[in-house]
Amino acid sequence: MSDRSGPVLVPILGDQLTRTLASLRGQTKENTVILMMEVRDEATYVRHHKQKIALIFSAMRHFAAELREAGWQVDYVALSDKDNAGSFTGEVARAVERHDPAKIRIVEAGEWRVQQAIEEWPGKFACAVEILCDDRFLSSIAQFRDWAEGRKHLTMEHFYREMRRRTGLLIKAGKPVGGEWNLDKQNRESPAGRLDAPPRPQFPPDAITHEVIALVEEHFADHFGALENFGWPVTREQAEQAANAFFAERLEQFGPYQDAMVHGQDDLFHSMLSTSINLGLLDPLDLCRRAQQAYDDGKAPLNSVEGFIRQIIGWREYVRGFYWYCMPELAHANALGASRPLPAFYWTGETDMRCLADCVRATRDNAHAHHIQRLMVLGNFALLAGIDPRQVQEWYLAVYADAYEWVELPNVAAMVLYADGGRLATKPYAASGNYINKMSDYCGKCRYKVSHKTGPDACPFNPLYWHFMHHHRERLESNHRIGRIYATWDKMGEDKQRDYLDSAEAVLKNL
Ligand SMILES: Cc1cc2nc3c(=O)[nH]c(=O)nc-3n(C[C@H](O)[C@H](O)[C@H](O)COP(=O)(O)OP(=O)(O)OC[C@H]3O[C@@H](n4cnc5c(N)ncnc54)[C@H](O)[C@@H]3O)c2cc1C
Ligand code: SF4
């Protein structure tokens, strides 16, 4: 047994790259050893996109260098260290041997699986273990639970209004600026013609990132995704530059074209900041304040600024609270009993459906696709085709550079697949080809005809939509937001209905 007079061991996980992290606050540099670990378990528990692994390891290495420069003692375990234990718990055990700490001080993990492991540490290690709340989120897990407890519907809009009041963002004299809380209806401009969005800044790999890219090619060569386009911000300075460019060049149009999709234009007016926010390189509240400032200065309209703030203090905070409130059940939820295997084209992009092919191409090239591509193309297809939620979840968690289970799982299981039975979404986000046609330029050059409802040339989303509605009628008919469509279905008559169902079955058979 040690005399417990050793240093404080502060493990910092890969998505905790924040200088003001709760576990560092109040610590002295002399009496603290920061532990950072690249471990195989984390890099492989799903087969992450190559850019995602490169991004996280590179950002970690840059952050370790920044901490060292600031005078902190950092014990950094690289993936290739020959004694690397391969897991967080294994590496903390080795660090305890090396440093004989008086205490381990760590901020709670973002993911359930990792948090479960951390909670076992007090029984595993002789020193004290202090687990701190992650106060980089504006709403703690306990605050969300208090809000959610006893509510039948966990409506995001109600949560969002509370967050607006709590932060004072876009609030004047207790009322929403502009008179309305939510300008979602002004976030749906169709792209009609080509949109010219300024390119986002790229950050070409430096020596550290090149080293990490070589490591990824060596250890994870068979993982999905291209590395050639790697240009993510890997340091705080770069993330700030990316944020500056967004506020200066794209925020203004962000609102109107938030839901638009244009073939080959991957970023449009989106911020592309999720990777930096999720890693801890950017502070979400600070970004929201900057957006509000842009509105106050007359540099961006209210629908853009409110839309951006809603995504962050609304959706981002909400899904994080929802995740912890609904875990571990959420990971296995399958209210619609979906069981089809994930089609191979989610990996290869080889499909004649032009919208899906482009979204998979963007995903492969950039480890990114924007919200409506994730929700209304890739997600909508998985919902309508009844793909097994576990396989869909695993895919999303693997392919996006910003994907951590706390944010991916609620979006996929609850928002996209309705697998939670409707706790998050008031209705399934199911749509026919019409929606995609309205919000994108995909359909014009597609091999399928969006105007054909059935038959071999029909846009597959069309018959799949009615097939889905027909099969889930019992559950959905009483839903006040969607139930009315059954009157349309009933009016079609049996022949038309049979046409739809047969066409859908033909699509599903060929997946
Ligand atoms: C099926 C599906 C899976 C998703 N998986 C992830 C994921 O793994 N990681 C992730 O960070 N986001 C995820 N999202 C949310 C959203 O698609 C991404 O945050 C966004 O596309 C990131 O790009 P951006 O930074 O340009 O976002 P912008 O459109 O510029 O939005 C600004 C910010 O708002 C936040 N945000 C927006 N929408 C959401 C949302 N629904 N949930 C949480 N935060 C949101 C993000 O922090 C984002 O950076 C998912 C959405 C869907 C529908
Ligand atoms: S026609 Fe259908 S499959 Fe083709 S791009 Fe449009 S929505 Fe996608």
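Trainee: Which residues does Tyr 318 touch, not counting residues up to four places away in sequence?
Mentor: This is a predicted model. Contact here means heavy atoms within 4.5 Å. By that cut-off, the partners of Tyr 318 are Phe 144, Trp 147, Leu 154, Thr 155, Met 156, Phe 159, Arg 423 and Leu 424.

Trainee: How many residues are in the largest nonpolar core?
Mentor: Tyr 318 is one of the members that touch the most others. Ile 12, Met 36, Leu 251, Leu 356 and Met 469 join Tyr 318 in that group. The core holds 160 residues.

Trainee: Which residue has a polar side-chain atom 2.9 Å from a nitrogen atom of ligand 1?
Mentor: Ser 274 uses a polar backbone atom, 2.9 Å from an oxygen atom of the ligand. His 368 uses a polar side-chain atom, 3.0 Å from an oxygen atom. The nitrogen atom is reached by Asn 411.

Trainee: How much of ligand 1 does the protein bury?
Mentor: Taken alone, ligand 1 exposes 810 Å². The protein buries 99% of that.

Trainee: How many nonpolar residues are in the shell around ligand 1?
Mentor: In all, 29 residues surround the ligand, with His 270, Ser 271, Met 272, Asn 278 and Asp 402 the closest. Nine of the shell residues are polar and four are charged. The nonpolar ones number 16.

Note on methods:
Residues are numbered from 1 along each chain as its sequence is written. Chains are lettered from A and ligands numbered from 1 in the order in which they are written. This is a predicted model: local features need pLDDT of at least 70, side-chain atom pairs count only at pLDDT 80 or more; totals for chains, interfaces and linings use all residues. Side-chain values use heavy atoms; hydrogens and water are left out. A residue is near a molecule or strand if one of its heavy atoms lies within 4 Å of it. A polar contact is a pair of N or O atoms within 3.5 Å; within protein, one must be able to donate a hydrogen and the other to accept it, and residues adjacent in sequence count only if both atoms are side-chain atoms. Accessible areas come from the Shrake-Rupley method with a 1.4 Å probe; for residues, only the protein chains shown count as cover. Ala, Val, Leu, Ile, Met, Phe, Trp, Tyr, Cys and Pro count as nonpolar, Asp, Glu, Lys and Arg as charged, and the others, Gly among them, as polar. A nonpolar core is a set of buried Ala, Val, Leu, Ile, Met, Phe, Trp, Tyr and Cys residues joined through side-chain atoms within 4.5 Å. Buried means under 20% relative accessible area, exposed over 50%, partly exposed in between (1.4 Å probe, protein chains only).
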